[in-house]
Amino acid sequence: MIYSKILKITHWTWFFCNVLFFLSCGKIKDSLRADIFSDMTTKLKIEFHHEAGNNDEYHMPESIGSGVAIFDSNNDGLVDIYFLNGYKHKKNTLSSNELFVQTNDNTFENKTDESGLGSTQYSMGVAIGDINNDGYQDVYCSNVGSDQLFLNNGNGTFSDISTAAGIKNQEWGCSVIFFDYNQDAYLDIFVTNYLNYDSLQFCTDRAGRQDYCGPKSYIGVPDILYKNMGDNTFTNVSDYSNISNLNGKGLGVVSNDFNSDGLADIYVANDGEANFLWTNQGNGKFIENAVAMGAAFNMVGAAEAGMGLAIGDVNADKNMDLFVTHLRGETNTLYIKTDWGFEDMTDQYSLNRDNISLTGFGTSFIDYDNDTDLDLIVANGRVTRGFLLQENPNPGYWDFYAEPNLLYSYHKKYGFTAVWSDCGDICQQMNNSRGLASGDINNDGKIDIVVNNTGGLGKIYINTIPVNHSWLIIDAINPEYNRQDIGANVTVYTELHEITKPVINGSSFLSSNDIRLHFGLGDASIVQNVKVRWADGIEEDFGTFKVNQQVKLEKGKSTFN
């Protein structure tokens, strides 16, 4: 009892301190240099507004938001941006998802109408993957209702093949991933489903005003696993695989080989309930093992409001660690991979302070300054009404839900430290942020960020920090499959560092990152070796590389002896 009271006081102390801090930031932000992430949305000719559909009825999907994807839709070597949208009638026109295609001058053109990706459903999550191994990236959109699968036709257009492909998820779908769980060379699909939503449920805030309901008002539903049959069709194998045995409230998902047996496992962040860690048995079945592996609860054994997920090797031991974003009043949680599973080491890595008053959603491990260490970015925004955190004489509906995003810099000695003064526009602007995707948008060797803001403008934040460190970008291709080798791990060796990253195409919150691997190399003048452990377990050395370039590594084509 004494502990809980102290904890509550600590939480509220942090809350009011942060309120004062953010208000002060709003007053001085014009004098700060935006020298890390700068808002280049207008300069890049992107105009997107997320329509949450708010009409004073407080439907819960409005508070969850939508995702965003960074991917090369037309194989021209330039990444494009796909924003997912909500639902709102506006001048007799339905809001739609929008595709922005990058041109040779590094600006973007809206190609939504031509592409066929302009879904008008209430879209939530997006996953990118090549389902038929033709070398072109296909798109899966989870929706509040029927999900959609779009096949890339290879000419800048996409076809909705959902019905023919056997995609029949009618639940409230959220984050989605493509991965190959049965090692048959074809990418399968895992969809997190949220809860059984009843729009007639009425909820209020502490002042008695109507506000968005939380997940405790509803029951969870099972997630879905679709097996790729190799002919552009999918079979729902949720029952056979055991995935449907448990109801959850899934919001985030990522796949990796978490127990080092060579098989793709699945980690699901559940909202207010124990997280799932489905370990692959190699026979088409999975066993839920999160409690035994230490990744179901936080350090005191409590379930938290799991939202977004980041995966990366924080402590440079070549094992993938997990970061989960949560509701305000809870810390975000860092699970460090150990020999036996995972350990909550949020406190040890100094991630237990700055986010206590914020609600985290999209997130990604990034090396924003190319110093070899994994830094961290978190998109924040409330799900219930709160204080204004930025001076605004005419606040809009979503301003009372807006929060600043967080950028952390990692130092081996101190852990993660919040970057305030020179973070740039991504931290200084106040939005109700949800989906976040990371990648090198302009191919300059620095990681950029795209954010989808609920009820607000989609934002492109370009990394404008001066380049003082070397870098390497790697695309790991399996030519037999004609696509990136999802499930592979790539290790870059320099004189002082060994950096390992996984080839995955989904994490964060409702979003999909640039699938190319970005390596910050610090002061290295040459890469001594690149080792790829392909998804089938075969290891291949590719030898030395010059720094500051993009390279494509193809399985079986190394000339290094």
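Modeller: E498 pairs with K318 in a salt bridge, with 3.0 Å between the closest N and O atoms. The term stands for a side-chain nitrogen of Lys or Arg within 4 Å of a carboxyl oxygen of Asp or Glu. This is a predicted model, in which local features need pLDDT of at least 70, side-chain atom pairs count only at pLDDT 80 or more, and totals for chains, interfaces and linings use all residues. Residues are numbered from 1 along each chain as its sequence is written, and side-chain values use heavy atoms, with hydrogens and water left out.

Colleague: Which domains does the assignment give, and where are their bounds?

Modeller: Bounds come from an automatic or database domain assignment. Here they are 38-463 for domain 1 and 470-554 for domain 2. Between these two domains the salt bridge count is 1.

Colleague: How much area do domain 1 and domain 2 bury between them?

Modeller: The size of an interface is often given as the accessible area lost when the parts come together. Buried area is that loss (1.4 Å probe), summed over both parts. Domain 1 and domain 2 bury about 3,500 Å², with 51% of it on carbon and sulfur atoms. K318, N370 and T372 supply 16% of the area that domain 1 buries against domain 2, more than any other three residues.

Colleague: How many residues does each domain bring to the contact?

Modeller: Contact means heavy atoms within 4.5 Å. Domain 1 brings 62 residues and domain 2 brings 35 residues.

Conventions
Buried area is the accessible area (1.4 Å probe) that two parts lose on being put together, summed over both.
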